[in-house]
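Thanks, everyone. I have one structure to walk through today. Please have a look at it first.

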Amino acid sequence: MMLDPSNWDETRAIGREMMDDMLTWLETVRDRPTWTSVPADTKARLDEAIPYAGSSLGEVYEAFKRDVLPYPTGNVHPRFWGWVMGTGTTTGVLADFLAAGMNNHLAGYDQSAALIERRVVAWLVELMGFPKNASGLLVSGGTEANLNGLMAARVAKAGFDIREEGLRAGPQLTCYGGAETHSWIYKACESMGLGRKAFRASPVDADYRVDLAACRARIMADIAAGDRPFAIIGNAGTVSTGATDDLDALRDLADEFDLWLHVDGAFGALAAWTESRTIVAGLERADSVAFDLHKWGYMPYEVGVALTRSPEAQTATYQTAAVGAPAYLRSAQAGIAVDTTYFADRGFQLSRGFRALKVWMSMKEQGVDRIAGAIQMNIDQARRLGAMVEARPDLELLAPVSLNIVCFRYAPEGMAEDALNPLNQAILVALQTRGIAVPSQTVLQGRFAIRVCIANHRSLDEDFDVLVEAVLAIGAELAAGSGQPPQLTLTSAHSA
Ligand SMILES: Cc1ncc(COP(=O)(O)O)c(C=O)c1O
């Protein structure tokens with residue numbers, strides 16, 4: 001009561017206005033620049049003192065419309081292809097609103113929301129080709145999902161009771177994977193107390209896939225030195241180029257040394273839902289897999305997924321009952337406290353929100369086939385863009401297009417190699433600051449690459465035409481040192 005509206009009708013009216021405005025904002029996203037920097041006066045206004053006194057919801061909403069809404073990351077835009085950011089969907093927006101309204105606590109409990117999370121996890125288990133009784137949890141994102149898998153690996157393969165005794169009770173634990181593995185691995189090794197060096201990064205081949213012989217040799221050398229290897233990390237879609245390791249071969253390698261195989265499929269695992277599934281073949285043989293629905297599942301932040309093949313692996317890692325369930329969290333036979341910690345026993349969080357609702361509503365409303373169709377469309381768009389780059393003499397493809405990522409640079413004939421990195425960096429910044437498009441960057445064999453990662457259901461083929469023309473025009477302009485912005489026609493067509 002204290003914090004509820006004093007006038008519900010007024011709040012209802014503003015709520016309707018918010019909903020209307022947001023849907024219109026999404027509908028018209030294509031008409032705006034991809035990204036705009038926050039202006040100095042807005043920054044100054046946002047640097048405000050603690051609002052002890054409060055104001056009306058209407059006033060706060062006006063401030064939101066003026067100072068917050070116009071300066072987003074940009075990833076809802078059809079020409080945003082930076083890092084690995086998903087686009088979100090209107091269904092997801094509405095679902096998050098409904099979930100916030102219900103405000104469920106998803107440690108477990110006897111409630112409909114728990115049944116929804118169990119159901120969507122079962123769907124995701126099946127879609128990834130895992131056994132029906134595999135265990136799963138919705139988490140904050142890829143970093144946490146990967147940590148969840150690696151923690152399970154550590155408990156399963158340490159060879160001693162690591163939960164009870166800690167690291168001091170055994171030898172140095174080590175894990176393996178390609179040098180292109182995402183930086184989550186270092187956060188995970190640090191968080192687990194193993195130290196960064198515990199990740200033994202093996203070189204990658206010309207296609208950016210882990211060198212299996214080098215990985216095998218490193219495992220053997222570490223065993224000989226008295227270390228205890230516990231896991232191999234395979235990549236289904238590396239962050240820089242989208243490469244997928246030979247997951248079947250990694251499974252066999254893991255079995256040879258009785259290691260856990262964890263696959264980071266943060267975005268790449270979603271290819272398993274499409275006709276391009278052979279790209280990630282072997283994924284279904286992993287002991288655990290991590291992937292994000294807020295990336296290539298197009299759902300709004302935050303929702304990642306941690307699956308383990310063994311039904312007990314997550315609870316063996318996280319269940320507090322194993323070390324004596326605290327009285328205040330014990331499950332009861334009846335009442336709300338049935339399965340109190342069903343989900344909390346599978347991961348770090350105790351208090352958890354109703355992420356599952358946007359997953360359930362999106363999958364039901366859009367249908368998995370339609371989501372998979374958008375993923376396949378992005379794969380096709382990456383292939384088309386790669387071909388366009390190869391067809392233009394002034395552009396150079398810097399890595400094979402194996403999934404949804406295209407890495408290339410502007411490299412006109414005759415330009416000195418050492419001029420290309422700063423030039424392409426400047427082209428990238430110009431693309432972003434002029435609001436044309438947002439790719440991001442990577443460096444491949446010392447060469448700065450404009451990196452286009454397509455996890456965007458709003459992108460049309462013509463958006464990539466705009467990008468290619470813009471890179472060529474800006475490249476020529478900057479190379480000539482004219483400083484004049486190129487005249488580019490931005491399409492205003494709406495996505496189908
Ligand atoms: C391959 C890969 N793994 C892990 C992550 C981390 O995921 P998150 O940002 O959801 O924590 C990313 C993020 O882009 C990624 O691309």
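Where is Q366 found? Q366 sits in helix 12. Before I go on, the ground rules. This is a predicted model: local features need pLDDT of at least 70, side-chain atom pairs count only at pLDDT 80 or more, and totals for chains, interfaces and linings use all residues. Residues are numbered from 1 along each chain as its sequence is written, and side-chain values use heavy atoms, with hydrogens and water left out. Helices (H or I, at least four residues) and strands (E, at least two) are DSSP runs, numbered from the N terminus.

Back to Q366. Q366 counts as buried, at 16% relative accessibility. Buried means under 20% relative accessible area, exposed over 50%, and partly exposed in between, with a 1.4 Å probe and protein chains only. Setting aside neighbours within four places in sequence, Q366 is in contact with T89, T91, M361 and I371. Contact here means heavy atoms within 4.5 Å. With T91 there is also a side-chain to side-chain polar contact, at 3.5 Å. A polar contact is a pair of N or O atoms within 3.5 Å; within protein, one must be able to donate a hydrogen and the other to accept it, and residues adjacent in sequence count only if both atoms are side-chain atoms.

Which residues of helix 12 are buried? Helix 12 covers residues 356-366, and A356, L357, K358, V359, S362, M363 and Q366 are buried. An α-helix has 3.6 residues a turn, so residues three or four places apart point the same way. The cover over the buried residues of helix 12 includes helix 4 (90-102), helix 5, strand 2 (135-139) and helix 13 (368-391). After helix 12 comes G367, with a positive phi near 85°.

Let me zoom out. The protein has 15 helices and twelve strands. Its radius of gyration is 24 Å, close to the 23 Å that the globule rule gives for 496 residues, so it is as compact as a globular protein of that length. That radius is taken over C-alpha atoms, and the rule is 2.2 Å times the number of residues to the power 0.38. The C-alpha trace spans about 70 × 70 × 45 Å along its principal axes. Of the 496 residues, 49% are buried. Among contacts with a separation of 6 or more, 73% come from residues 24 or more positions apart.

A114 is in helix 5 (residues 112-127), and its relative accessible area is 5%. Its C-alpha is separated by 8.6 Å from that of F354, 240 residues away along the chain. Beyond four places in sequence, A114 is in contact with L106, G108, Y109 and F343.

D222 belongs to helix 9 (residues 212-224). D222 is buried too, at 5%. What does its side chain pair with? The side chain of Y176, through a polar contact of 2.6 Å. Apart from neighbours within four places in sequence, D222 is in contact with T174, Y176, R200 and D227.

H77 is in a loop, between helix 3 (57-68) and strand 1 (80-81). H77 is buried, with a relative accessible area of 2%. Its side chain reaches the backbone nitrogen of R79 at 2.9 Å. Not counting residues up to four places away, H77 touches V29, R30, R32, P33, T34 and N456.

Last topic: backbone geometry. Most residues other than glycine have a negative phi, and most peptide bonds are trans. Here are some exceptions. Y298 is not a glycine, yet its phi is positive, about 65°. Y298 lies in the loop between strand 7 and strand 8. The peptide bond from Y301 to E302 is cis, with omega near -5°. E302 is in the loop between strand 7 (288-292) and strand 8 (304-308). Q445, also not a glycine, has a positive phi of about 50°. Its loop runs between strand 11 (438-444) and strand 12 (447-453).

Q445 is exposed, at 60%. That's my tour; over to you.
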